Amino acid sequence: MSRFDRDARAIVTAYATPAARAHAAIRWASAPLERIESLLPRGGSVLDVGCGHGVFSLYAALRGSSRVVTGVDIDGAKIELGRRAVERLGIAGRVTLTEVTAAWLPPADGFDAAVVNDVLYLLGRDRARVMIDAMIAAVRPGGVVIVKEIGERPRWKHRVNEWQELIATRVTHITAGDALEVLPEDFIERALPGAVCHRLDRGYPHAHAAWVVRR
Ligand SMILES: C[S@@+](CC[C@H](N)C(=O)[O-])C[C@H]1O[C@@H](n2cnc3c(N)ncnc32)[C@H](O)[C@@H]1O
């Protein structure tokens, strides 16, 4: 489990509502955000696609004082809560959170790194592939693309995730998205040739994995 360090505590308490604070704390406890952050370049511009409330965007900014982070999400309410947290943390000069439409794609050559963290399974394969291609084009030559999804191994951890996401998208509607399709690992690897897979599931009940490639 990620350490509930000083930055994580600051982020959780920066959210204005109890529900958002609870969501941020659960997100922190259930996903290896600390390990994903360590895969980013230490500085430069970072795009966080599907940033939700911005928990990872804020963490990336707090952990790297020379990072400038742009987070985008289709959920305007989450973005608004994230913006208020950015203001409270005093990092408005380095973090921009923006609501986008589901058709949005990043501009070419705009970033030093682009990360998409537990979002692509909501898009369906075709749209996920379009987004990955756009993220590769969105980083400058030498820049880094990180695709974090739930992997297929270990199998039991993969199943735990399938059930949980089904409930989040179809029953409780906590997560907005057009489709629900856990992406096969070979799909991600074909879309990101040369990517290195980091298994991040140790200490978690889910098969967290991140694929990292340099453009
Ligand atoms: C499980 S949450 C992950 C949030 C965040 N990346 C994190 O790690 O905490 C998935 C997010 O993807 C967003 N999303 C779904 N479809 C999207 C799209 N087409 N473009 C951008 N964001 C999208 C949802 O609104 C939701 O906030």
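Good morning. I begin with a contact between two helices: Ala 8, Ile 11, Val 12 and Thr 13 of α1 meet Arg 21, Ala 24, Ala 25 and Trp 28 of α2. By class, this contact of α1 with α2 comprises 6 nonpolar residues, 1 polar and 1 charged. Please keep in mind that the model before you is predicted.

How is such a pair of helices described? Two packed helices are described by the angle between their axes and the distance between the axes. Here, α1 covers residues 6-14 and α2 covers residues 18-30; the angle is about 150 degrees, and the axes lie 7 Å apart. Because an angle over 145 degrees counts as roughly antiparallel, α1 is roughly antiparallel to α2.

Let me continue to helix α3, which spans residues 33-37 and contains Arg 35. Arg 35 counts as partly exposed because it has 16 C-beta neighbours inside 10 Å. Along the chain, Arg 35 and Leu 120 are 85 residues apart, and 19 Å separates their C-alpha atoms.

I now turn to the ligand. How many residues surround the ligand? There are 22 of them, and the closest are Gly 50, Gly 52, Asp 75, Asn 117 and Val 119. Helix α4 (55-63) and strand β2 (67-73) each supply at least two residues of this shell. Sorted by class, the shell has 12 nonpolar, 5 polar and 5 charged residues.

The last topic is the backbone. Most residues other than glycine have a negative phi, and most peptide bonds are trans.

Asp 109 has a positive phi, near 55 degrees. Asp 109 sits in the loop between β3 (95-99) and β4 (111-117).

Asp 118 also has a positive phi, near 60 degrees, and belongs to the loop between β4 and α6 (125-138).

Which of these is buried and which is exposed? Asp 109 is exposed, because 12 other C-beta atoms lie within 10 Å and the limit for exposed is 12 or fewer.

From Arg 153 to Pro 154 the bond is cis, with omega near -10 degrees. Pro 154 lies in the loop between β5 (139-150) and α7 (155-171).

Thank you for your attention.

Note on methods:
Residues are numbered from 1 along each chain as its sequence is written. This is a predicted model: local features need pLDDT of at least 70, side-chain atom pairs count only at pLDDT 80 or more; totals for chains, interfaces and linings use all residues. A residue is near a molecule or strand if its C-beta atom, placed from the backbone, lies within 6 Å of it. Helices (H or I, at least four residues) and strands (E, at least two) are DSSP runs, numbered from the N terminus. Ala, Val, Leu, Ile, Met, Phe, Trp, Tyr, Cys and Pro count as nonpolar, Asp, Glu, Lys and Arg as charged, and the others, Gly among them, as polar. A residue is buried if 20 or more other C-beta atoms lie within 10 Å of its own, exposed if 12 or fewer, and partly exposed in between; C-beta atoms are placed from the backbone. Axes are lines fitted to C-alpha atoms, for helices over the stretch in contact, and angles run from 0 to 180 degrees between N-to-C directions. Angles under 35 degrees count as roughly parallel, over 145 as roughly antiparallel, 65 to 115 as roughly perpendicular and the rest as oblique. Two residues are in contact if their C-beta atoms, placed from the backbone, lie within 7 Å.
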